[in-house]
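Here's a quick walk through one protein model, written for someone who likes to know the cut-offs. Have the viewer open while you read.

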Amino acid sequence: MPDPETYDLLIVGGGINGTGIARDAAGRGLSVLLVEQEDLASHTSSASTKLIHGGLRYLEYYEFRLVREALIERERLLGMAPHIIWPLAFVLPQMNSPRPAWLVRLGLFLYDNLGGRKKLPATRTVNLARSPLGNGLKPGAKTAFVYSDCWVEDSRLVVLNARDAAERGALIETRTKLVSATREGALWKAEIAGTNGTRTVMAKGLVNAAGPWVEDMLQRAASASQDRGVRLIKGSHIVVPKLYDGDHAFMLQNPDRRIVFAIPYEHDYTLIGTTDEPWQGQPGKAQISPEETDYLCETVRRYFAREIHPQDVVWSYAGIRPLYDDHAASASAVTRDYVLDLDGGDGKAPLLSVFGGKITTYRKLAEHALEKLVPFYPCAKGDWTAGADLPGGDIPGDDFEAFVAQLAAVHPGLPRPLLTRLARAYGTRVRAILGSAQTMEALGTDFGGGLTQAEVDYLAAQEWARSAEDVLYRRSKLGLHVPPGTAEAVEAYLAGQNF
């Protein structure tokens with residue numbers, strides 16, 4: 001019987017933290033196996049508000065270290081992936097505000113200066129009665145502050161980290177679950193179950209980046225320390241027809257002091273969120289509740305001239321955030337900082353568990369994780385991810401518009417909106433999809449909404465897409481745009497492929 005496969009690191013969890021750690025470790029020369037029980041980013045990491053931000057509201061909870069780290073990472077990530085991350089202006093109206101204007105302005109002054117801002121503009125004050133930024137708001141809105149953060153295609157950020165990890169030697173296995181793990185001296189012996197059955201692998205170290213399942217994973221790992229706790233918080237969002245013109249977002253303050261964002265989404269829509277509700281059940285697929293929908297609609301009606309009601313919602317999504325349990329009194333006050341718990345040493349194989357975190361700080365979290373692990377790997381190389389482009393992010397001069405213009409010149413027979421969307425999703429990797437195509441017919445079957453066979457083939461071959469949901473709602477948001485029957489056609493096409 002052949003010896004089991006042996007890796008330096010076995011990583012459990014294909015969300016942003018797991019893929020970020022896999023990328024960092026593979027780039028240091030470690031052999032890595034990452035297993036994800038469903039699809040990459042299938043839960044928390046695709047259910048965010050899709051912002052790369054410092055977390056302005058966290059200043060109220062004195063999370064200065066977290067905010068500073070996030071602000072530094074904000075500009076770093078913007079440079080690493082300018083195709084899926086771009087600047088976004090936020091309008092913060094002082095109507096209905098439970099906070100005095102001077103306090104908000106003080107917070108924004110700190111926000112501008114804590115992280116050594118270089119690329120994004122500083123906060124400014126506008127009169128909404130005379131500015132187009134006030135379009136769509138109810139009459140009476142006057143003063144507003146305008147500050148900047150960044151938008152991110154969250155699930156694509158996860159996939160790009162996995163892609164980069166794979167290109168550096170990591171093995172990424174989706175639809176593969178950790179069944180059990182036991183220590184055998186300086187190694188972990190793990191049983192994993194995937195589409196091809198169950199097998200045994202050995203690993204010098206184990207990383208628990210299972211997100212909402214972090215405690216469940218600890219129970220599967222015999223002898224693992226379980227002295228840390230996770231607090232599950234559900235965050236929900238709704239998508240409604242576009243509420244206002246413009247490419248800016250709004251930060252809305254509610255009487256209960258909670259914050260709700262209104263953000264341009266997929267050209268024709270506005271994204272509204274998020275909520276903060278304790279999750280009492282087992283981790284799993286979450287759905288928005290009627291009470292959360294009502295809360296978000298009420299927030300919109302408080303600020304915008306257009307009335308929004310639950311029947312106007314065209315799509316919604318919800319995710320469970322696995323926050324570190326700091327015993328805060330309310331869900332909104334629970335820390336968004338992360339805790340890395342290392343169990344092992346003295347001849348025992350290490351187990352690193354990840355509690356908490358936010359998408360903005362994933363790269364730094366991964367770097368800190370490797371700092372804890374490298375003593376077990378004397379041959380590991382040093383830090384390298386700061387400033388290293390993600391796949392497709394090597395756009396010349398970070399000039400996205402110039403890059404699209406170049407694509408249009410090379411492919412004059414393809415629609416400009418299609419080229420723009422593909423460039424946004426894939427950056428310079430778009431060339432692998434387009435090839436020498438000059439017509440839509442050259443891209444193969446048209447599944448609708450601009451989704452072609454060439455793109456689906458790329459997603460299956462390079463980005464682990466195995467279902468219509470993977471394609472239409474995680475690798476893209478085309479599910480909001482395609483005609484009836486597209487999901488079924490994509491599902492049938494993928495089912496006929498040999499992965």
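What follows covers strand pairing, then a nonpolar patch, then one threonine.

First, the ground rules. This is a predicted model, where local features need pLDDT of at least 70, side-chain atom pairs count only at pLDDT 80 or more, and totals for chains, interfaces and linings use all residues. Residues are numbered from 1 along each chain as its sequence is written, and side-chain values use heavy atoms, with hydrogens and water left out.

**Strands**

Helices (H or I, at least four residues) and strands (E, at least two) are DSSP runs, numbered from the N terminus. Two strands pair if DSSP finds at least two bridges between them. Here are the pairings to look at:

| Strands | Sense | Bridges |
|---|---|---|
| β1 (residues 5-12) and β10 (residues 197-208) | parallel | 7 bridges |
| β9 (residues 187-194) and β10 | antiparallel | 7 bridges |
| β10 and β18 (residues 348-356) | parallel | 3 bridges |
| β11 (residues 230-241) and β16 | antiparallel | 10 bridges |

A hairpin through 2 residues links β9 to β10.

Over in β16 (residues 315-324), 9 of the 10 residues are buried, where buried means under 20% relative accessible area, exposed over 50%, and partly exposed in between (1.4 Å probe, protein chains only). W315 of β16 stands opposite V239.

**The nonpolar patch**

Y62, F64, W102, L103, L106, F109 and L110 make a nonpolar surface patch of about 760 Å². Patch residues have over 30% relative accessible area and no salt bridge; like charges are joined within 9 Å, and nonpolar side chains (Val, Leu, Ile, Met, Phe, Trp, Tyr) within 5 Å. A salt bridge here is a side-chain nitrogen of Lys or Arg within 4 Å of a carboxyl oxygen of Asp or Glu. Areas come from Shrake-Rupley with a 1.4 Å probe, and for residues only the protein chains shown count as cover.

Helix α3 (residues 101-113) gives the most to the patch, with 5 residues. L110 lies in that helix and is partly exposed, at 32% relative accessible area.

**T299**

T299 lies in helix α6 (residues 290-303). Is T299 buried or exposed? At 1% relative accessibility, T299 is buried. Leaving aside residues up to four places away in sequence, T299 touches L252, N254 and V260, a contact being heavy atoms within 4.5 Å. The T299 side chain also reaches the backbone oxygen of Y295 at 2.9 Å.

Conventions:
A polar contact is a pair of N or O atoms within 3.5 Å; within protein, one must be able to donate a hydrogen and the other to accept it, and residues adjacent in sequence count only if both atoms are side-chain atoms.
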